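Thanks for coming. I have one structure to go through this morning, so let me put it on the screen.

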Amino acid sequence: MKISKKNVFTSIRKTVLSFVVVLFISLLSMIFVNSLQAEVFTVTAYCSCKKCCDKDPSNKWYGITASGRKARWGTVAVDRRLIKLGSRLRIEGFPKTVFRADDVGGAIKGKHIDLWFPSHRKALEFGRQKLVVELVNNG
């Protein structure tokens, strides 16, 4: 069987085209998978005070989250059944902050997260909002 230059060229062209199609589909799937990880959540706010966390400043666990880290700006309380502790999140309205799911709360169930604020007044000012929350890939 004689192999012509035309057959070799056609074979190479099909292989390259197949590779490009697979690469394109892979890139599209990554884009769409990320966008599917964004959903609307009820977002409320809390601080480390006695009213919000039922802990007095003299308590050794005051300001410490369920993951053992100190609560700070960027800390979020989540329902562990939906969002794993340690997950990173982007929240609509806070474009410069990547939040971290470090805490849980008795009232945090389902599509509800609680943002930590440094004061009770700021937490009250934030109130209750419906916002888009997006899971950020670790990597």
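Among contacts between residues at least 6 apart in sequence, what percentage join residues at least 24 apart? In this chain 71% do, with contact meaning heavy atoms within 4.5 Å.

Some ground rules. This is a predicted model, where local features need pLDDT of at least 70, side-chain atom pairs count only at pLDDT 80 or more, and totals for chains, interfaces and linings use all residues. Residues are numbered from 1 along each chain as its sequence is written, and side-chain values use heavy atoms, with hydrogens and water left out.

The chain has three helices and six strands, in the order α-β-α-β-β-β-β-α-β from the N terminus. These are DSSP runs numbered from the N terminus: helices are H or I, at least four residues, and strands are E, at least two. Of the 139 residues, 29% count as buried.

Now two loop residues. Ser87 sits between β2 (75-77) and β3 (88-91). Is Ser87 buried or exposed? It is buried, because its relative accessibility is 10%; the cut-offs are under 20% relative accessible area for buried, over 50% for exposed, and partly exposed in between, with a 1.4 Å probe and protein chains only. Leaving aside residues up to four places away in sequence, Ser87 touches Phe99, Arg100, Ala101 and Leu135. A polar atom of the Ser87 side chain also lies 2.8 Å from the backbone oxygen of Lys84.

Ala107 is in the loop between β4 (99-103) and β5 (112-116). At 61% relative accessible area, Ala107 is exposed. Its C-alpha is 9.6 Å from that of Val78, 29 residues away along the chain.

Conventions
Polar contact = N/O pair within 3.5 Å; in protein donor to acceptor, adjacent residues only side chain to side chain.
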